[in-house]
Amino acid sequence: MADEVPKTTTPGVDHTRPNAARMYDYHLGGNANFQVDRDAVERGRAILPDATYYMQQNRAVLMRMVRYLVQDAGIDQFLDLGSGIPTRGNVHEVAHLHDPRARVAYVDFEPIAVAHARRILADTEAPVTITQADIREPDVVLNAPGVAGLLDFDRPIAVLAVGILPFLTDDADAADLMARYRRATAPGSYGAVTHISPLTWTWEQVTEALRILAETATPEVARTPEQIRALLPGYELVEPGLVPAARWRPEHEVSEQDALRSNCYAAVGRHD
Ligand SMILES: C[S@@+](CC[C@H](N)C(=O)[O-])C[C@H]1O[C@@H](n2cnc3c(N)ncnc32)[C@H](O)[C@@H]1O
């Protein structure tokens, strides 16, 4: 597979260690990844069968959440924390199917994710930005031109923390950060979360697989449903609450086995 972004043109890229954003891209069938990322994914798959299914379900529920937020909740502004390398079903694409005026502020700190997003957005007139920033610095994120200059914080915003909170390894820090972003948003705003949580995998398997991510600049943790619920402080969950990702407002009937096999929980909450 070709390394689509030439190694010499994207500053700040570490080619020597696997990278979570590029590994996720490989799982989803993208080509913005290097051999070191693909090797790490293969080692992970040997420990966690269904690792790719987990990633696919995470992405699929993100798309359903965005559709719900635009169509049913009337949201037209998104702050997408840890937006990742653009792939099929990006937040602005899904949002614009239902509301072409929807504003989307993407934030990621991974140089390849940001370079790809810039390339895609260069040709669009749509109100969509990408900001390279560390989401653990909320003041930097919230004041960045791509965020403060695009989103109207006096009106409801959906804060998306999809597939990113496992990278915030301390429970209290992660909850405090989510509370900080919630306080920045107007009443009627939403928060959306997905998070790895062993359902068909054992904790031992997950711990072993996450050791591979310890080689990256971004180690990850898995959490229990109770720990995940605590990452939406001050939000009242909308139906169906915190559930296995495949069970969050599915488009088709989902078998119990498939629901569990996602090994991922999802929830959306609203604050008033
Ligand atoms: C698994 S991907 C999820 C992408 C997308 N949200 C989705 O669910 O399809 C996680 C992304 O979070 C980014 N990330 C991890 N820690 C971050 C941080 N502290 N600040 C900004 N981005 C971060 C990674 O670079 C990666 O692109």
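**Helices, spaces and backbone in a predicted model**

Trainee: Which helix contains Ala-209?
Mentor: Ala-209 sits in a helix covering residues 203-213, in a model that is predicted, where local features require pLDDT of at least 70 and side-chain atom pairs pLDDT 80 or more, while totals for chains, interfaces and linings take in all residues. Residues are numbered from 1 along each chain as its sequence is written, and side-chain values rest on heavy atoms, with hydrogens and water left out. With helices (DSSP H or I runs of at least four residues) and strands (E runs of at least two) numbered from the N terminus, the element that holds Ala-209 is α9.

Trainee: What relative accessibility does His-96 have?
Mentor: His-96 belongs to helix α4, which spans residues 91-98 and whose buried residues also include Val-91, His-92, Val-94 and Ala-95. His-96 counts as buried because its relative accessibility is 18%.

Trainee: What is the C-alpha separation of His-96 and Ala-126?
Mentor: Leaving aside residues up to four places away in sequence, His-96 touches Ala-102, Ala-126, Pro-127 and Val-128. The pair His-96 and Ala-126 is 30 residues apart along the chain, and the distance between their C-alpha atoms is 8.9 Å.

Trainee: What volume does the largest cavity have?
Mentor: On a 1 Å grid over the protein atoms alone, a cavity is a set of points where a 1.4 Å probe fits but cannot get out, a pocket is an open set with protein on both sides within 12 Å along at least five of seven lines, and lining residues have an atom within 4 Å of a point. Points are joined across faces, edges and corners, and a volume is the space filled by probe spheres set on them. The count by this rule is 1 cavity of 30 Å³ or more, and the largest cavity holds about 100 Å³.

Trainee: Which element supplies the largest share of the lining of the largest cavity?
Mentor: Of the 14 lining residues, Gly-84, Pro-86, Asn-90, Tyr-106 and Ala-117 are the closest to the centre of the largest cavity. At least two lining residues come from each of α4 and α5, and the largest share, 3 residues, comes from α5.

Trainee: What is omega at the cis peptide bond between Glu-239 and Pro-240?
Mentor: Most peptide bonds are trans. Pro-240 lies in the loop between β6 (236-237) and β7 (243-244), and the cis bond joining Glu-239 to Pro-240 has an omega of about 5°.

Trainee: What relative accessible area does Asn-263 have?
Mentor: Arg-249, in the loop between β7 and α11 (256-261), has a positive phi near 45° and is partly exposed, because its relative accessible area is 32%. Asn-263, in the loop between α11 and β8 (264-271), also has a positive phi, near 50°. Asn-263 is buried, since its relative accessible area is 0%.

Trainee: What percentage of the 272 residues is buried?
Mentor: The protein has 11 helices and 8 strands, and its C-alpha atoms fill a box of roughly 45 × 45 × 35 Å along the principal axes. Among contacts with a separation of 6 or more, 75% join residues 24 or more positions apart. The buried share of the 272 residues is 56%.

Note on methods:
Buried means under 20% relative accessible area, exposed over 50%, partly exposed in between (1.4 Å probe, protein chains only). Contact means heavy atoms within 4.5 Å.
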